[in-house]
Amino acid sequence: MNAEALPSNPLRDPADRRLPRIPEPCALVIFGVTGDLAKKKLIPAVYDLANRGLLPASFVIVGFARRDWGDETFEEMSREAAKAHARTPWREEVWARLAGNFKFVPGAFDDDEAFDRLDATVDELRITHGIVGNAAMYFSIPPMAFPLVLKQLKRTGMSDNRQDGGGWRRVVVEKPFGEDRESAKALNTLVDEVFTAEDVFRIDHYLGKETVQNIFALRFANAMFEPIWNSNYVDHVQITMAEDVGIGTRAGFYDDNGAARDVLQNHVLQLLAIAAMEQPNGFEAEEIRTEKLKVLRAIKLHDDLESTAIRGQYTDGWVQGRPVQGYLSEENIPQASTTETYAAVQLGIQNRRWNGVPFYLRTGKRLPKRVTEIAVVFKEAPHMPFADYDTKTLGNNQLVIRVQPDEGITVKFGSKVPGTGMELRDISMGFGYGETFTESSPEAYERLILDVLLGDKTLFPDAQEVDASWAVIDPLEEYWKSTKPEPYESGTWGPAGADLMLQSSGRRWRRA
């Protein structure tokens, strides 16, 4: 029998979904590994990936921080973090496979000797753990430290893709990427001097959420939504990212940035871009980024910022049945601070699909509940042959994509109330991930860390997207410099000005 007549092995078919994508042997170097992000998200995500069989046999976590620790202490800290915060069940046999693959290098970001030791440690792992030089550098550090660490990586050569040894080097940068358009460009220039563009992963953890990725499936895998996903049928779009918590221990960072820089510039504008983009030619990183970038560059703020760019600051109140203090009473917040904890903005997208459709974005802290959602609100039916009193409680059709919590999709439409009359009322039909699929959704950091190790940039914004987003936010920040935020009571849905913004056109915020 010749080779052509032999049956093919289905397990070698790249399209076979039974074979998960597993990275090459590699190391994950975490700068600032003793911080909350590493302990609550990154290390638990690594354990969850190992529990799902998605890590290579040769995988090492290298921690770098200002602690007098050894490898064993770091491993024990990592074990406690994974056990406390992992999504998947704890299994000792899984941890046993990770045990012994933890390395710790103590030092400060301005310590040349410490970075020389880090370089030597990663290089030794080629032989001791067979990682062939592959390493991803995760910046779990304050943005102000990015330039210093980047310069150290360049000085030691740790950022070089060592093609002679078969290894790759990548960097993962947490948001915020800069504090305005100018600083973002400067940081992009520095990053590009140290790493090649394809090796820079700017992480926005919202893009790793299953519900956000499902927007692509909802729009482009179904024939029923896309024909009405335009200005002919859509009245307006609301994107809400609400939090019921305050600033916690982030006083220093938050007071320097505020809600617009912290959330609007990245999370919310990325959600808008995905919801409003055109269908890409393929589900590849470049095609998706191209369409998102078109949307971000087509955004136009309203000329009247006074009534369409509202910001607020929470005061004392009640949230979830308990009293909470106002922003100015939070620890380490200056009494004269004019930083916003709430921002609501009306904007438009200047293209054929969305011309004339207002997009309303809002985000805030100390609101009644934690929820992130995209609500597409459709126009009223052009003519209804029913009596006015039969439709007085009937609202607009809505399609709501719930990103968190209770991930899923809800469709709101009118239906007849049972009885002898023709009374119409809004009803909802919903799909929930937790009810439909037996497997729980992976945490965003699981997906994104795996994609970094695989070199897949589909869910990562590039430098042009960051620049286009700052081009939207900078005019807002410039306008707000001469204003004070409007106070709103904790536990309410924000300042009165945000409600007036919609009421002026006969609309209102959706009750999330």
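**Figure 1. The whole protein chain in the predicted model.** The secondary structure of the protein chain comes to 14 helices and 18 strands. With a radius of gyration of 25 Å, close to the 24 Å that the globule rule gives for 512 residues, the protein chain is as compact as a globular protein of that length. The C-alpha trace spans about 80 × 75 × 40 Å along its principal axes, and buried residues make up 53% of the 512 residues. Among contacts between residues at least 6 apart in sequence, 77% join residues at least 24 apart.

**Figure 2. The largest cavity and the elements that line it.** The count of cavities of 30 Å³ or more comes to four, and the largest cavity has a volume of about 150 Å³. Its lining is formed by 14 residues, of which Lys175, Gln265, Asn266, Pro461 and Val466 are the closest to the centre of the cavity. At least two lining residues come from each of β5 (169–174), β6 (200–203), α8 (251–276) and α13 (463–480). Sorted by class, the lining of the largest cavity has five nonpolar, four polar and five charged residues.

**Figure 3. Asparagine 257 in helix α8.** Asparagine 257 has a relative accessibility of 10% and therefore counts as buried, since the cut-off for buried is under 20%. The side chain of asparagine 257 reaches the backbone oxygen of phenylalanine 253 at 2.7 Å. When neighbours within four places in sequence are left aside, asparagine 257 is in contact with Pro176, Glu340 and Glu477.

Conventions. Residues are numbered from 1 along each chain as its sequence is written. This is a predicted model: local features need pLDDT of at least 70, side-chain atom pairs count only at pLDDT 80 or more; totals for chains, interfaces and linings use all residues. Side-chain values use heavy atoms; hydrogens and water are left out. On a 1 Å grid over the protein atoms alone, a cavity is a set of points where a 1.4 Å probe fits but cannot get out, and a pocket is an open set with protein on both sides within 12 Å along at least five of seven lines; lining residues have an atom within 4 Å of a point. Grid points are joined across faces, edges and corners, and a volume is the space filled by probe spheres set on the points. Helices (H or I, at least four residues) and strands (E, at least two) are DSSP runs, numbered from the N terminus. Ala, Val, Leu, Ile, Met, Phe, Trp, Tyr, Cys and Pro count as nonpolar, Asp, Glu, Lys and Arg as charged, and the others, Gly among them, as polar. Buried means under 20% relative accessible area, exposed over 50%, partly exposed in between (1.4 Å probe, protein chains only). A polar contact is a pair of N or O atoms within 3.5 Å; within protein, one must be able to donate a hydrogen and the other to accept it, and residues adjacent in sequence count only if both atoms are side-chain atoms. Contact means heavy atoms within 4.5 Å. The radius of gyration is taken over C-alpha atoms; the globule rule is 2.2 Å times the number of residues to the power 0.38.
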